[in-house]
Amino acid sequence: MPLRITLAGSTGWVGRALVAAIAAADDLTLVGAVGRSAAGQDAGEAAGLSRLGVPVSATLEEALAVPSDVVIDYTKPGAVKAHALTALTQGRHVVIGTSGLSAEDYAELDRYALAAERGVLAAGNFSITATLLRRFALEAARYVPDVEVIDYASAKKPDTPSGTARELAELLSEVRQPATSKAVEELAGVQETRGGALGAREPVQVHSLRMPSFVLSCEAVFGADNERLVIRHDAGSSAAPYVAGTLLAARRVSSFIGLKRGLDAVMD
């Protein structure tokens with residue numbers, strides 16, 4: 001029996017690409033979609049959903065009236081947490097591709113997922129190269145203690161830093177050794193120019209640029225005595241890099257209980 005998917009954010013940039021990919025997959029079926037801009041209109045205006053016979057709802061609660069197995073969320077930072085909690089309460093596994101959640105938000109989702117005996121897989125970026133950026137950066141942090149993250153995105157991106165950068169910084173903080181740079185509070189001048197510190201154990205400084213011409217780029221910059229290492233991911237204008245990773249997450253999210261972060265958590 002195909003895996004039944006409810007897609008929140010079906011009319012967005014990534015959502016439209018996911019609609020087509022799910023329709024083309026033999027082991028997946030799209031049974032419900034959430035798209036505020038499309039609700040109440042002819043579903044044919046919403047990413048080709050009328051051709052698939054998929055109703056477009058204005059809210060996730062409406063969409064979940066149709067039985068499904070997994071909810072995929074590509075909506076907005078202000079909506080994704082409530083969506084995930086609603087989906088868990090109604091017995092769905094959840095894949096989160098929306099950025100903007102904090103470490104505290106993820107901890108709460110983990111508690112709900114454990115109580116509901118469902119899986120949640122969240123990633124700031126489901127692309128393969130972004131996943132490799134994280135894997136290689138975590139390996140480098142074992143040997144080079146000084147690392148900072150630079151986050152680039154479009155001028156209209158609503159959250160800062162990006163989910164890719166936030167996730168990377170929080171994970172780096174767990175494995176890196178103390179930095180050799182001066183603590184921010186010891187610096188003169190405008191301390192805010194040193195960026196924001198993220199992570200619980202050894203916080204990592206993150207610097208966010210929001211400018212036209214960027215889609216999403218993220219780099220981890222390592223510095224050692226007389227040498228540097230920069231590991232960088234750049235996304236293009238297509239949503240294609242996120243589709244395969246998201247569908248892999250949907251296929252595997254039911255294999256565990258609780259919250260996992262990052263596509264590599266379910267990669268062989």
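Helices and strands are named here as DSSP runs, helices with at least four residues and strands with at least two, and both are numbered from the N terminus. The model is predicted, and its protein chain is divided into domain 1 (3-122 + 239-266) and domain 2 (128-235). The largest pocket is lined by residues from both of these domains, so it lies between them.

**The two domains and their contact**

- The centres of domain 1 and domain 2, taken over C-alpha atoms, are separated by 28 Å, and the contact takes 14 residues from domain 1 and 14 residues from domain 2.
- Between domain 1 and domain 2 an area of about 1,100 Å² is buried, and carbon and sulfur atoms give 47% of that area.
- Of the area that domain 1 buries against domain 2, 42% is supplied by S99, R261 and D264, which is more than any other three residues supply.

**The largest pocket**

- The volume of the largest pocket is about 970 Å³, and its lining is made up of 41 residues, among which Y74, T75, K76, P77 and T98 lie nearest its centre.
- Four helices, namely α1 (13-24), α3 (60-63), α4 (77-89) and α7 (163-175), each supply at least two residues of the lining of the largest pocket, and the largest share, five residues, comes from α4.
- When the lining residues of the largest pocket are divided by class, 15 are nonpolar, 20 are polar and six are charged.

**The second largest pocket**

- The second largest pocket has a volume of about 280 Å³ and is lined by 14 residues, with R176, A179, S181, P203 and Q205 lying nearest its centre.
- Strand β7 (residues 146-153) gives the largest share of the lining of the second largest pocket, which amounts to three residues.
- The lining of the second largest pocket divides into five nonpolar, two polar and seven charged residues.

**The enclosed cavity**

- A search of the whole structure for cavities of 30 Å³ or more finds one, and the volume of the largest cavity is about 100 Å³.
- The largest cavity is lined by 13 residues, of which N125, A130, T131, R134 and E167 are the closest to its centre.
- Both α6 (128-141) and α7 supply at least two residues of the lining of the largest cavity, and α6 gives the most, with four residues.
- Five nonpolar, five polar and three charged residues make up the lining of the largest cavity.
- Because domain 1 and domain 2 both give residues to the lining of the largest cavity, this cavity lies between them.

**The seven-stranded sheet**

- Seven strands, in the order β3-β2-β1-β4-β5-β6-β12, form an open sheet in which the pairing is parallel.
- At the edges of the sheet stand β3 (56-57) and β12 (258-261), each of which has a single partner strand, so one side of each is left without a neighbour in the sheet.
- Strand β1 (residues 3-8) pairs with strand β2 (residues 28-34) in the parallel sense over six bridges, and the bridge partner of L7 in β2 is A33.

**The antiparallel strands β7, β10 and β11**

- Strand β7 pairs with strand β10 (residues 216-224) in the antiparallel sense over eight bridges, and I150 stands opposite E219 in β10.
- Strand β10 also pairs with strand β11 (residues 227-235), again in the antiparallel sense, over nine bridges, and in β11 the bridge partner of S217 is D234.
- The hairpin of β10 and β11 has two residues between the strands, and within this hairpin N226 takes a positive phi near 65°.

**Points of the backbone in loops**

- The peptide bond that runs from T160 to P161 is cis, with omega near -5°, and P161 has its place in the loop between β7 and α7.
- Although S213 is not a glycine, it has a positive phi of about 90°, and S213 lies in the loop between β9 (204-210) and β10.

Notes. Residues are numbered from 1 along each chain as its sequence is written. This is a predicted model: local features need pLDDT of at least 70, side-chain atom pairs count only at pLDDT 80 or more; totals for chains, interfaces and linings use all residues. Side-chain values use heavy atoms; hydrogens and water are left out. On a 1 Å grid over the protein atoms alone, a cavity is a set of points where a 1.4 Å probe fits but cannot get out, and a pocket is an open set with protein on both sides within 12 Å along at least five of seven lines; lining residues have an atom within 4 Å of a point. Grid points are joined across faces, edges and corners, and a volume is the space filled by probe spheres set on the points. Ala, Val, Leu, Ile, Met, Phe, Trp, Tyr, Cys and Pro count as nonpolar, Asp, Glu, Lys and Arg as charged, and the others, Gly among them, as polar. Domain bounds come from an automatic or database domain assignment. Two strands pair if DSSP finds at least two bridges between them. Contact means heavy atoms within 4.5 Å. Buried area is the accessible area (1.4 Å probe) that two parts lose on being put together, summed over both.
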